[in-house]
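Subject: Structure handover

Hi,

Here is the structure I promised to pass on.

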Amino acid sequence: MADDSAPTIIRRERLLQDIVDRGFLRVADASVELGVSAVTVRSDLSALELAGSIVRVHGGAMPRGSGNEGESSFESSLAREAAAKLAIGRRAASMVKSGQSVLLDVGTTALAVAHALARRSDLNDVLVVTNGLSIALALEPGMPRLTVVVTGGTLRPLQHSLVNPFASAFLESLHGDIAFIGCNGVDPEVGVTNVNLPEAEVKRRMMQSAARRVLVADASKLGSRRLGNVGPLSDFESLVTAGGPDADVVARLETAGLHVIDADN
């Protein structure tokens, strides 16, 4: 374990590596793991940011250029487009039948799908696999009608998600009936993208493990492009959206081959 007497350059190299490996690192966690004060960690982070290696965010830091700079925390996203997410959740959950297996992504829109699935008292013998800890807890009221399996992997605190290593390895052994995938951008030309690279990687693996793939994204995501590639529109059966999607963007998405379902209608 490092301490305040350890060579500064060695401590900062380890700190930078931890940030790169995890995608986000809290000051409090770094302080405990490195055995130094929070003041020392903040000083190190300031130096790393000045060098252009990281981006400081509230409570911690992320790698620069990872696509995380514009990522909101799970909690701060809960109230955003809440009514739209509720409608999307109900519509997406209506696609699931008893006896099916579901792969459910992370994020607040996926959380709405989880709540809707848990409320469907007509569903029985449904297996739900997720890499989101908040998603798993939201599904718990539906047990034992729902069986909930968590992928395992490395925890990303910002979204309470489990990513590689290990998340993809687990998903490779599955063949689900339907996957509900969230994202930060759905663009007619670029396709489906996400702000966070580690999560984008797991989303791709989840898609490959499902017979049907359904996008769930509110209207604010349509027409947007983010850093991490999830897949082309052709990889998805449909998009469930709500919140007044722009008619022109919807038309372009459908022209590109993506069936768009407006959950508000």
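Below is what turned up, grouped by region.

First, the ground rules. This is a predicted model, where local features need pLDDT of at least 70 and side-chain atom pairs count only at pLDDT 80 or more, while totals for chains, interfaces and linings use all residues. Residues are numbered from 1 along each chain as its sequence is written, and side-chain values use heavy atoms, with hydrogens and water left out. Helices (H or I, at least four residues) and strands (E, at least two) are DSSP runs, numbered from the N terminus.

Let's start with strands 5 and 6. Strand 5 (residues 126-130) pairs with strand 6 (residues 146-150) in the parallel sense over five bridges; two strands pair if DSSP finds at least two bridges between them. Within this pairing, Thr130 stands opposite Val150. Together with helix 7 (residues 133-139), the two strands make a right-handed β-α-β unit. Right-handed here means that, with the strands pointing away from the viewer, the path from the first strand over the helix to the second runs clockwise.

Val126 lies in strand 5 and counts as buried, at 1% relative accessibility. For that term, buried is under 20% relative accessible area, exposed is over 50%, and partly exposed is in between (1.4 Å probe, protein chains only). Setting aside neighbours within four places in sequence, Val126 has contacts (heavy atoms within 4.5 Å) that include Val96, Val102 and Leu146. In the loop between helix 6 and strand 5 you'll find Asp125, which has a positive phi of about 55° although it is not a glycine. Asp125 is exposed, with a relative accessible area of 62%.

Next, helix 9. Residues 197-208 make up this helix of twelve residues, and it reaches 17 Å from its first C-alpha to its last, close to the 16 Å expected at 1.5 Å a residue. That expected span is 1.5 Å times one less than the number of residues. Among the buried residues of helix 9 are Glu199, Val202 and Lys203.

Now for the charged pairs. The structure holds eleven salt bridges, each being a side-chain nitrogen of Lys or Arg within 4 Å of a carboxyl oxygen of Asp or Glu. In one of them, the side chains of Asp105 and Lys203 meet at 2.4 Å, N to O. Asp105 sits in the loop between strand 4 (101-104) and helix 6 (108-119) and Lys203 in helix 9, so the pair ties together parts 98 residues apart in sequence. Asp105 is buried at 1%, and Lys203 is buried at 2%.

Arg225 and Asp187 form another salt bridge (3.2 Å, N to O). Glu189 forms one with Arg252, the closest N and O atoms being 2.9 Å apart. Glu189 is in the loop between strand 10 and strand 11 (191-194) and Arg252 in helix 10 (residues 247-255), so this pair ties together parts 63 residues apart in sequence. Salt bridges that share partners join Asp187, Glu189, Arg225 and Arg252 into one network.

Last, some backbone details. The peptide bond from Met143 to Pro144 is cis, with omega near 10°, and Pro144 lies in the loop between helix 7 and strand 6. The bond from Asn164 to Pro165 is cis too, with omega near 5°. Phe166 has a positive phi of about 90° although it is not a glycine, and is exposed at 61%.

Cheers
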